[in-house]
Amino acid sequence: QVQLVESGGGLVQAGGSLRLSCTASGIIFSMNAMSWYRQAPGKQRELVAVISSGGSINYADSVKGRFTIYRDNAKNTVSLQMDSLKPEDTAVYYCNAYRRDWSNYWGQGTQVTISS
């Protein structure tokens, strides 16, 4: 049984902060690249941030300087610290676990709403 469970979504005002967390089970967590994606209404799902099994990090241009991704392999968690939030950050955020040529799993998604 593989589960990716997100938490931390909610509603905040523009300029505020939010931290999302994803706890994984049923996978060898340390061998997976972990990512956060988001999908806004009427938009395609987009990659927000990824942290590889080796710790390399990449961000979407739209969130650089505002968001921070980090992982704790001992706790099987990946988190996304979101600061200076903007209304355009409003979306459903999904946790993803990817192991090349092996598996690709998704969480159920958590709603993030930024009001102006």
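Analyst: Gladly, and please keep in mind that this is a predicted model. Going from the N terminus, the elements of the chain run β-β-β-β-β-β-β-β-β-β-β, and the radius of gyration of 13 Å is close to the 13 Å that the globule rule gives for 116 residues, so the chain is as compact as a globular protein of that length.

User: How many helices and strands does the secondary structure come to?

Analyst: There are zero helices and eleven strands in the chain.

User: And what does the C-alpha trace span along its principal axes?

Analyst: The C-alpha trace spans about 40 × 25 × 25 Å along those axes.

User: What share of the residues counts as buried?

Analyst: Of the 116 residues, 39% count as buried.

User: What about contacts between residues at least 6 apart in sequence: what percentage joins residues at least 24 apart?

Analyst: For contacts of that kind, 53% join residues that are at least 24 apart in the sequence.

User: Changing topic, how far apart are the mean positions of the positive and negative charges?

Analyst: The chain has 11 positive and 8 negative charges, and their mean positions are 3 Å apart.

User: Let's look at single residues. Where is Val112, and is it buried or exposed?

Analyst: Val112 lies in strand S11, which covers residues 110-115. Its relative accessibility is 0%, and because buried means under 20%, Val112 counts as buried.

User: Which residues is Val112 in contact with?

Analyst: If we leave aside neighbours within four places in sequence, the contacts of Val112 include Gly9, Gly10, Leu18, Leu20 and Met82, and also Asp89, Thr90, Ala91 and Tyr93. As a look at distance, Val112 and Val12 are 100 residues apart in sequence, while their C-alpha atoms are 8.1 Å apart in space.

User: Okay, now Val50. Which strand is that in?

Analyst: Val50 belongs to strand S5, residues 46-51, and with a relative accessibility of 17% Val50 counts as buried.

User: How far is Val50 from Glu88?

Analyst: Val50 and Glu88 are 38 residues apart in sequence, and from C-alpha to C-alpha they are 20 Å apart in space.

User: I also clicked on Ser21. What do the polar contacts of its side chain look like?

Analyst: The side chain of Ser21 is joined to that of Arg19 by a polar contact of 2.7 Å, and a polar contact of 3.2 Å joins the side chains of Ser21 and Ser79. Ser21 is part of strand S3, residues 18-25, and Ser21 is buried, with a relative accessible area of 13%.

User: Which other residues does Ser21 touch?

Analyst: Beyond its neighbours within four places in sequence, Ser21 is in contact with several residues, among them Val5, Glu6, Ser7, Trp36 and Val78.

User: Where does Asn32 sit, and is it buried or exposed?

Analyst: Asn32 is in the loop between S3 and strand S4, which spans 33-39, and at 1% relative accessibility Asn32 counts as buried. The side chain of Asn32 also reaches the backbone oxygen of Ile28, at 2.9 Å.

User: Last topic: what is the phi of Asn76 and of Ser84?

Analyst: Asn76 has a positive phi of about 55 degrees although it is not a glycine, and Ser84, which is not a glycine either, has a positive phi of about 50 degrees. Most residues other than glycine have a negative phi.

User: Where are those two, and are they buried or partly exposed?

Analyst: Asn76 is in the loop between strand S7 (67-72) and strand S8 (77-82), and at 25% relative accessibility Asn76 counts as partly exposed. Ser84 is in the loop between S8 and strand S9 (91-99), and Ser84 is partly exposed, with a relative accessible area of 42%.

Terms used: Residues numbered from 1 in each chain as written. Predicted model: local features only at pLDDT ≥ 70, side-chain atom pairs only at ≥ 80, totals over all residues. Heavy atoms only, no water. Helix = DSSP H or I, 4+ residues; strand = E, 2+ residues; numbered from the N terminus. Rg over C-alpha atoms; globule rule 2.2 N^0.38 Å. Buried < 20%, exposed > 50% of the residue type's maximum accessible area, 1.4 Å probe, protein only. Contact = heavy atoms within 4.5 Å. Lys, Arg positive; Asp, Glu negative; His and termini not counted. Charge placed at Lys NZ, Arg CZ, Asp CG, Glu CD. Polar contact = N/O pair within 3.5 Å; in protein donor to acceptor, adjacent residues only side chain to side chain.
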